[in-house]
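Q: I have the sequence and the model open. Walk me through the features one at a time, please.

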Amino acid sequence: MKKVLVTGGAGYIGAHAVVELINAGYEPVVVDDLSKSDRTLLEGVESITSRKVQFFQGDCGDTSFLKGVFEWAGPFAAVMHFAAYKSVGESVEQPLEYYRNNLGSLVSLMKTMKGFGVANLIFSSSCTVYGQPDVVPVNEETPFKRAESPYGATKQMCERILEDAYLTGYRVISLRYFNPVGAHPSAQIGELPIGRPNNLVPFITQTAAGIREKLTVFGNDYDTPDGSCVRDFIHVVDLAQGHVKALEYLHKSRSEKLFEVFNLGTGEGVTVLQLINKFIETTGVNVPYAIGPRRSGDVEKTYGDVSKANNILQWKTKYSIEESLQHAWNWEKKLRDIK
Ligand code: NAD
Ligand code: WQD
């Protein structure tokens with residue numbers, strides 16, 4: 001059985017990827033420093049898969065810790081690198097922490113991989129690298145605009161690091177996610193925001209659960225069908241399965257050096273107001289909301305051209321937006337013990 005190291009595997013997307021890796025017959029080994037998570041999702045993964053997951057708590061920026069993991073738990077056929085800080089707002093307040101963690105952990109991971117002869121790497125990038133695009137949908141050739149935040153800049157810089165370093169003998173796939181939403185259909189794992197959520201869907205589900213009084217829609221005067229922003233909301237399980245497809249692509253490819261980038265999204269743009277209304281219609285639960293001012297740094301509209309991933313990775317999303325919202329709600333209900 002092929003072992004895959006999953007950094008950040010105790011987090012939202014990483015935990016879903018661990019489940020899909022197990023389903024596809026791999027043996028994931030998780031590294032996470034639990035700086036932005038706890039063991040809850042790993043317990044959920046074990047319950048879904050009825051499998052014990054090997055877990056090492058530590059910082060990917062710590063090369064000697066990583067070396068120990070590669071010695072103890074290797075050899076690894078590949079690494080999936082989810083570990084990073086991801087809050088746009090926090091990155092504005094603590095830019096140096098974001099550069100240290102997001103860049104430092106990638107560099108120390110790649111050095112350790114080299115030391116152990118591991119070449120295959122799948123990296124978590126983001127649609128944030130495109131900044132405010134001139135034309136939608138964005139494809140992988142769309143040039144980067146200046147990043148809107150230090151977080152966005154770390155993802156652009158990480159991609160540059162990968163692009164420079166792969167020539168020295170790595171096989172890299174960088175996956176640019178659009179807006180991951182939803183939860184596992186079993187409701188045993190999902191998103192666990194720390195404190196007040198910044199992202200739309202956890203704010204919707206917490207408002208529906210009565211934890212937040214109301215949701216503020218950040219702007220209804222954009223040049224979009226109903227004035228609210230347009231996004232590409234992708235079910236987290238579809239996203240996780242995209243990683244397994246990327247891994248299969250790496251295994252099939254014979255190139256000694258490889259660097260490929262893929263957008264992972266649904267290819268469909270949905271407005272914020274449409275999403276809120278779909279949630280209300282699908283779940284039958286009301287979400288009080290009010291229109292507020294625009295949020296600084298928000299992109300007016302973005303959604304992905306995902307034909308490259310469809311054609312080359314043979315990957316397609318399976319879940320509808322309604323299923324994404326229902327699964328997010330089922331997870332919130334389970335967390336809050338709502339019947
Ligand atoms: P998350 O915060 O739920 O998970 C990240 C995990 O990494 C956490 O468990 C955290 O404890 C861990 N971590 C952070 N720094 C670490 C370090 N130095 N060493 C070890 N562990 C560390 O976030 P997520 O939503 O699952 O995101 C996963 C990846 O996907 C991140 O790289 C993020 O930037 C990227 N991404 C996320 C989104 C999104 O909207 N969720 C969109 C695009 C890209
Ligand atoms: C979506 C839309 C908000 C909350 C972020 C990162 C991006 C990527 C995905 C990591 C926007 C609106 C939100 C609320 C609202 N992450 N909104 N009221 O900003 O598209 O993308 O997550 O790489 O880098 O920037 O996601 O969920 O915060 O917002 O009206 O209370 O919902 O204005 O239009 P965003 P989001």
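Q: How many residues surround ligand 1, and which are the closest?
A: A residue is near a molecule if one of its heavy atoms lies within 4 Å of it. Here 27 residues surround ligand 1, and the closest are Ile13, Asp32, Ser37, Asn101 and Tyr151. This is a predicted model: local features need pLDDT of at least 70, side-chain atom pairs count only at pLDDT 80 or more, and totals for chains, interfaces and linings use all residues. Residues are numbered from 1 along each chain as its sequence is written, chains are lettered from A and ligands numbered from 1 in the order in which they are written, and side-chain values use heavy atoms, with hydrogens and water left out.

Q: Which side chains place an N or O atom by an oxygen atom of ligand 1?
A: Look for polar contacts (pairs of N or O atoms within 3.5 Å; within protein, one must be able to donate a hydrogen and the other to accept it, and residues adjacent in sequence count only if both atoms are side-chain atoms). The side chain of Ser37 has an N or O atom 2.7 Å from an oxygen atom of ligand 1. For the side chain of Lys155, the distance to an oxygen atom of ligand 1 is 2.9 Å. Asp33 uses its backbone: an N or O atom there lies 3.1 Å from a nitrogen atom of ligand 1.

Q: Which residues come nearest to ligand 2?
A: There are 17 residues around ligand 2, and Ser126, Tyr151, Thr216, Arg231 and Asp298 come nearest. Tyr151 has a polar side-chain atom 2.5 Å from an oxygen atom of ligand 2. Backbone N or O atoms take part too: that of Leu200 lies 2.8 Å from a ligand 2 oxygen, and that of Asn198 lies 3.4 Å from one.

Q: Now a helix. Which residues of helix H3 are buried?
A: Two terms first. Helices (H or I, at least four residues) and strands (E, at least two) are DSSP runs, numbered from the N terminus. Buried means under 20% relative accessible area, exposed over 50%, partly exposed in between (1.4 Å probe, protein chains only). In H3 (residues 63-73), the buried residues are Phe65, Leu66, Val69, Phe70 and Ala73. They line one face of the helix, because they fall within an arc of 140° seen down its axis. The arc is that of the directions from the helix axis to the C-beta atoms. Ser64, Glu71 and Trp72 are exposed on the other side of H3.

Q: Why do residues three or four places apart point the same way?
A: An α-helix has 3.6 residues a turn, so they do.

Q: What do the buried residues of H3 pack against?
A: Contact means heavy atoms within 4.5 Å. The partners include strand S1 (3-7), strand S4 (78-81) and helix H5 (95-115). Thr7 is in strand S1 and counts as buried, at 0% relative accessibility. Beyond its neighbours within four places in sequence, Thr7 contacts residues including Val31, Cys60, Val79 and Leu109.

Q: How many aromatic pairs are there?
A: Rings of Phe, Tyr and Trp (its six-membered ring) pair if their centres lie within 6.5 Å; planes under 30 degrees apart count as stacked, over 60 as edge-to-face and the rest as tilted. The count is 7 aromatic pairs. Tyr130 and Phe144 are edge-to-face, at 6.4 Å centre to centre with 85° between the planes. Tyr130 is buried, at 0%, whereas Phe144 is partly exposed, at 35%. Phe279 and Trp329 have ring centres 5.9 Å apart and planes at 80°, so this pair is edge-to-face.
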